[in-house]
Each structure stands twice: as structure tokens, then as C-alpha cells.
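Here's a quick briefing for anyone opening this structure for the first time. Have a look around, then read on.

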Amino acid sequence: MTKNQNVLSWVDEMIELCKPDKVVWLDGSQEQLQTLRDEACATGEMIKLNEEKLPGCYLHRTAVNDVARVEHRTFICTRKKEDAGPINNWEDPVVMYDRLRKMYDGVMKGRTMYVIPYCMGPIGSKLSKVGVELTDSIYVVLNMDIMTRMGKQALEHLGDTSNDFVRGLHSKADVDEEKRYIVHFPEDNAIWSINSGYGGNVLLGKKCFALRIASYQGKNEGWMAEHMLILGVENPQGETKYIAAAFPSACGKTNLAMLIPPEVYKKQGYKVWTVGDDIAWMRIGDDGRLWAINPEAGFFGVAPGTNEKSNPNALATTKRGTIFTNVAHNLDDNTVWWEGLDKNPPEHAKDWKGNDWNGKTSTEKGANPNSRFTAPAKNCPCISDKFNDPLGVPISAIVFGGRRAKTAPLVYQSRSWQHGVFVGSIMASETTAAATGAVGVVRRDPMAMRPFCGYHMGDYFGHWLEMGKKLGNKAPKIFNVNWFRTDDEGHFIWPGFGDNMRVLMWILARCEDKVDAVETPIGYEPKPEDINIEGLDITTDTVAGLLDVDKDLWREESAGIEDFYKQFGDRLPKELSEELETLKANLK
Ligand code: OXD
Ligand code: MN
């Protein structure tokens, strides 16, 4: 399938190590994929769902001990420890290769090795990059088919001589938790993953390549790989402006990316288009602006909570050609169900572990809280017509956000790119009672990249500052939002979901210099009356409350930031220490 000697010799080397019985190269053809789907159904690895209700859809269950990303077993192995930084787990690459080689030696005996060439980003785009993943899992092959542009086309994009491809090696091995490793060697363009079958650990194009390795490449090559959704807001004149936004998990990224405009905007003819829901690769274009692509071709979304009200577009996306993982299996009509889908759980079902389950009487959950759908982006009713555009889309605004009950206001704008980098670097989200038992524990998650930055976080901040210098006055404006402020009873004050568009509209108006702002100690804020609340149950006073900056809370916040910053030592850019000093002075 390729004459590229760099690919061929690396695959040969890995075959020698893993010793599979058989090697199959994926060309991306439907015939080949269907053979694999049939084989996975025959062995029980996947279950074919109701062809009428869910055409081309399948159900898969992972091992019970293997349902999420494993940050504590995820490593960045750079030659120098300090290059991985204080937030990543590190091991010497020589030691790690040696340890892993012993585990991979003969691991595919009696199994087939699948060779998956894939392209992250539109074929032919200058922003796209190729990876090759070797795996012994058909589930991985079929997910990679949805999540990436896979097969022959990827090798053609790479060409016959290039060595610029990411080498990904994956084996389920024995799915042994104690021996689970998700290891990145950024200096070798390599990812080795073993003993897991869960998406985030094994679909190596996603978090491992498109964020961890790509962030490192981006620093060296002058571009950015970010944990951001990309959406377009089209005005009644047919002009579309694009926003890239970073949020930690469980803050509604997929919902925001697929937002349905509230009536007040819909009736005027505004539309919202989804370019991506998780990852953005951004480069400076010939016109000096920042251009973004979504490197993925599908959505790997959390199922629970997705429903007709919260995200009808996501739900519609999962109705065809989708792989469901760890949701409940409705035996009556051979479909799927998860908590929060509707108020009608099936009585004759299997839960995500494969045990008999009655949704009406059982106290156990039917779906794992991190159960997922892998769905093709092309199914999405609001997918942008620029989704496959090799040029990507020009970004007007960058938005950061987290879940904060009190501190952060509904929205504020940074005073400059440098201040915006500070705003991103201090991003934090409060854990919910459901997740940890302890409400309001702040976890700092700079730019939502804490688990995904493939190098020293201090250098990463430095790279952001560099990009701003290159962009100059063409740089996107940077904002921070918080949909999650609560009242004294703990209820959310802001309605959220589609109504978040009201805030995006202020953001875009600022980008076009169409609206004023008020200066506060933390940055620019809207005048309360500039947030459109037509049709909402809240008053301008409520908005004023949502925009309130409590100086005492922000003094506490500054102390937290100072503590957080200490770990970066002299690799913290001085510009960020200056911004912290400015904040402290503004709060006096
Ligand atoms: C995540 C995801 O964990 O997108 O951030 O799956
Ligand atoms: Mn994510």
C-alpha cells in the first residue's frame, strides 16, 4: 500500500517485536471494514444493533477495570526530565523502552496486527498530519475509521519519502490494570499503549497524538494544538465568525459546540455551525490571522446526559454508523439506553457490565458514567460546511471557561493577548459532589490542557506568548466565561445550554468593536444591559450579579495562583508573574 521506507521498516520492526500470526493493512475500503465488523460480532467483541432504528450501529463493552483515561499511568518520556515538566509523569526513555519492549515481546502471538494509516485533519491540508497505529483490536480499527481519515488516503497524504508520521503501537495484551501504560516519546514521534482497550487510551490519534505529541510539535514548528471546540456563528447576512473554546471535562464542551440558538436569535436568522467539539490545531495563515482545523473526523462523546433537550444535534449524530461503548443494551428492541436519555429505562436489558438489568427496579446504573458514543461528524445536523476545508477557519475569539460556583463572572475579556494567556493559565474548575464527594475543590487546569500538554507547562505558556507576538494586532481576542455560578441554595443562576449564545454574541460584538465594556480588576466586562436577556426569566440585575467581581474571593484566588505558579520555577514566563502582580495590585 505504500513505498514509504520509513513506514515499512518501522512496521517490520514492530512485527518482529510483537510477533503477530497475521498482519492486515487497512485500506479504508467498506468491504474490508465490513469483514472486520462481522468478525467482531462473531467473536462477541461487538453486538450489532437494530438495523432499522440504529442502522450501522454497534455496541461494545470494555473490561470492567478499563473505563476511563488513566492519568496516573500516562507518561511523557523526554530525554531530560525537566522537559516533561512538573505536571506530567516522567520516566527515562531508555528505561521505559526497555520495560515496555519486554511487555510487547510476542504479545500478538495468536493475534492479528492491524496497520492503520490515518490522517489527522482534512486530506491535502497543510495543517494535517499523519499517524500509523498498530493494534491487535478490531474495536480500535473501527473507532479509528470514525474518528480519523483512515486508510490509503492517509498514506497518499504522507507521500513516499516523508518521515513526519507518528508511530503508535497498541496492544490490549491482558488488559491488566497493574501493567497499563500510555507512554509518549515526543522526541521520537512515538506512542506506546498497552493493557487497555478504552478509547482515550487506545485511539492514539486523539489525546495521545492530536494533543500530547502535537502540542510538542506545535511548539517546535510554530503552531498550536489545543483542547478546544470550534464553532461558527452565522449572522442573518450570511457572514460566519469562528470561536475556539477550551473547557475542562464535564463543563459542556460538546453541548456548546452544537448549540441551538435561542428563539430571539433564531427568528433573526442566526445559525450556529460545529467545526469541532474537542481539539483544535491552529496556525498563522498567509493573511496573518489564526486559522484552525478540527483534526478529528468524529465525536467521541459522553453518552449519559445526552438527550433531546440537552443536545438534540449530538443525539441525531448517533443514529447511524455509531459505536456505543459501555451503555445499557435494551433487549426488547436491540437498541441502547443511558441515564439521562429519557424517563423510560428499559426493563429487559443488560447493563454496561453485561449483567441482566431492569431499569425500572434496579438501583445500579445501566450505563457507565463515562460510557461513550463514537459517531461520524458528517452525521451532525449542524456540521459546518468548512469541516473538510483544507484551509480551516479564521478564529476571531478564544474563550476559556471552567466550573466556578462563585469566583469567576459570567464573562470577561482580557486586556491584551499577554493578559489572555494569564487568564488561560489560571483556568480552574470545581469538582462536583457527584464526582468526588467534596464540593468546590478547585483543580487548576491551564487552558484545559493539564492532562494533555506533552511538554513543560511553563514552556507551553511561553509558546502561547510567542504566538501572540507573531499574531500582533491580528490576534484573536481572549475571553473567559463561567456558566456555573450558583445562588445561596446552590442552583445555577444562568440558564446555560443554548442561552450561552447570548454571551457569545457579546464576545463577537467586542471582536468587531461594536460594543463598549467596563474595566474591572480582572479585565473588561459587559455592561449588564449589553447581554441580551429577551425571552429569559432573569433580569438585568441578575446579570449584574453574575458579573460581580468579589475582591475578597479574587484575593484568595491570587494566593492560589501564586502557589500553583511556584512549581514552574524559572520556566514560568516573567510576563505571567507580571500579570499576577497587576491582578494583586488591582485588588488592593
Ligand atoms: C476527554 C475527552 O477526556 O474528550 O477530555 O474524552
Ligand atoms: Mn476532551
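Is N500 buried or exposed? N500 is buried, because its relative accessibility is 5%, and buried here means under 20% relative accessible area, exposed means over 50%, and partly exposed is in between (1.4 Å probe, protein chains only). Before going further: this is a predicted model, where local features need pLDDT of at least 70, side-chain atom pairs count only at pLDDT 80 or more, and totals for chains, interfaces and linings use all residues. Residues are numbered from 1 along each chain as its sequence is written, chains are lettered from A and ligands numbered from 1 in the order in which they are written, and side-chain values use heavy atoms, with hydrogens and water left out.

**The overall picture**

- You'll find 18 helices and 30 strands in the protein; these are DSSP runs numbered from the N terminus, with helices being H or I over at least four residues and strands being E over at least two.
- The protein's radius of gyration is 24 Å, which agrees with the value near 25 Å that a compact globule of 588 residues would have. That radius is taken over C-alpha atoms, and the globule rule is 2.2 Å times the number of residues to the power 0.38.
- Along the principal axes, the C-alpha trace spans about 70 × 55 × 45 Å.
- Of the 588 residues, 59% are buried.
- Take the contacts (heavy atoms within 4.5 Å) with a separation of 6 or more: 72% of them join residues 24 or more positions apart.

**Around N500**

- N500 sits in the loop between β28 (477-481) and α15 (501-511).
- Its side chain makes a polar contact with the side chain of W494, at 2.8 Å. A polar contact is a pair of N or O atoms within 3.5 Å; within protein, one must be able to donate a hydrogen and the other to accept it, and residues adjacent in sequence count only if both atoms are side-chain atoms.
- Leaving out residues up to four places away in sequence, N500 touches L256, L259, W483 and W494.
- F497 is in the loop between β28 and α15 as well, and its phi is near 45°, a positive value in a residue other than glycine.
- Most residues other than glycine have a negative phi.

**Helix α1 and what follows**

- V7, W10, V11, M14, L17 and C18 are the buried residues of α1. They cover an arc of only 120° around the axis, so they lie on the same side of α1; the arc is that of the directions from the helix axis to the C-beta atoms.
- Facing away from that buried side are the exposed residues Q5 and E16.
- At the N-terminal end, N4 caps α1, with a side-chain oxygen 2.9 Å from the backbone nitrogen of N6.
- K19 lies in the loop between α1 and β1 (22-25). K19 isn't a glycine, yet its phi is positive, about 50°, and it is partly exposed at 35% relative accessible area.

- Buried in α4 are P93, M96, Y97, L100 and Y104. Their arc around the axis is only 100°, so they share the same side of α4.
- V94 and K102 are exposed on the other side of α4.
- The buried residues of α4 pack against α1 (5-18), β4 (74-76), β8 (165-171), β9 (181-185) and β10 (190-194).
- D92 caps the N-terminal end of α4, with a side-chain oxygen 2.8 Å from the backbone nitrogen of V94.
- After α4 comes G106, with a positive phi near 75°.

**S171 in β8**

- S171 belongs to strand β8 and is buried, with 0% relative accessible area.
- Its side chain reaches the backbone nitrogen of A173 at 3.0 Å.
- Among the residues S171 touches are Y104, D136 and S193.

**Cysteines**

- The structure has 0 disulfides, a disulfide being a pair of cysteine sulfur atoms within 2.5 Å.
- For C382, the nearest cysteine sulfur is that of C380, 3.6 Å away; C382 is buried at 7%.
- C453 has its closest cysteine sulfur in C208, 14 Å away and so too far for a bond.
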